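Welcome to this short tour. Keep your viewer open and follow along, one selection at a time.

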Amino acid sequence: MARLVILSEGLTGKAHELTVEKTTIGRVDDNTFPIPEGSVSSHHCEVLLRGTEIVIRDLNSTNGTFINGQQVTGEAPLKPGQILRLGQIEMRLEDAGAKPPAAKKLPQQTMVIQQGVKVGGEPSTTISYEKTGFAKKSNTGTKIFIAVIIVIAIAVGMLLYINLRKSGAF
């Protein structure tokens, strides 16, 4: 039986067996697999069992659903050993019949890693920045609210000015 095992710190080792046709994952308790973490949406995604295939369906989550770094738009298959990321939470799909992944072999000796920039020289390594799946939310609603308040303030000011002129205060 396949299962999802969380790899992220704080929830490491928490797992969920995929035993039903549709498993919902999200931050709130009414999900089949609740993950109480702020970067996970209330109802983040669904895991669908279709015969021998496991499919992930994003539920318009705020921070996105990713399989091995590729964003899921709609549905995408998830294979054993692949990493599923919901917001900042990473988990791996494991197959009960498969062996767990082997630990990385450490080098036999200490390695010297060059520094990125040397005085008077070019950088020795290239730094690449990867998208995290987080995007700035639109603040259109805030802009509209401020514009409406300004219009109302100008209208009230004009009415006060007209009334004061009629009463002879000016």
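In which sense do strand E3 and strand E5 pair, and over how many bridges? Select residues 22–26 for E3 and residues 45–50 for E5: the two pair in the antiparallel sense, over four bridges. Strands pair here if DSSP finds at least two bridges between them. While you are there, click on Ile25, which stands opposite Cys45 in E5.

A word on what you are looking at: this is a predicted model, in which local features need pLDDT of at least 70, side-chain atom pairs count only at pLDDT 80 or more, and totals for chains, interfaces and linings use all residues. Residues are numbered from 1 along each chain as its sequence is written, and side-chain values use heavy atoms, with hydrogens and water left out.

Now show the whole protein as a cartoon. Along the sequence, the pattern is β-β-β-β-β-β-β-β-β-β-β-α.

For a last stop, select Arg85 and Phe66. Arg85 lies over the face of Phe66, 4.2 Å from the ring centre (the cut-offs are CZ of Arg or NZ of Lys within 6 Å of the ring centre and within 35 degrees of the ring normal).
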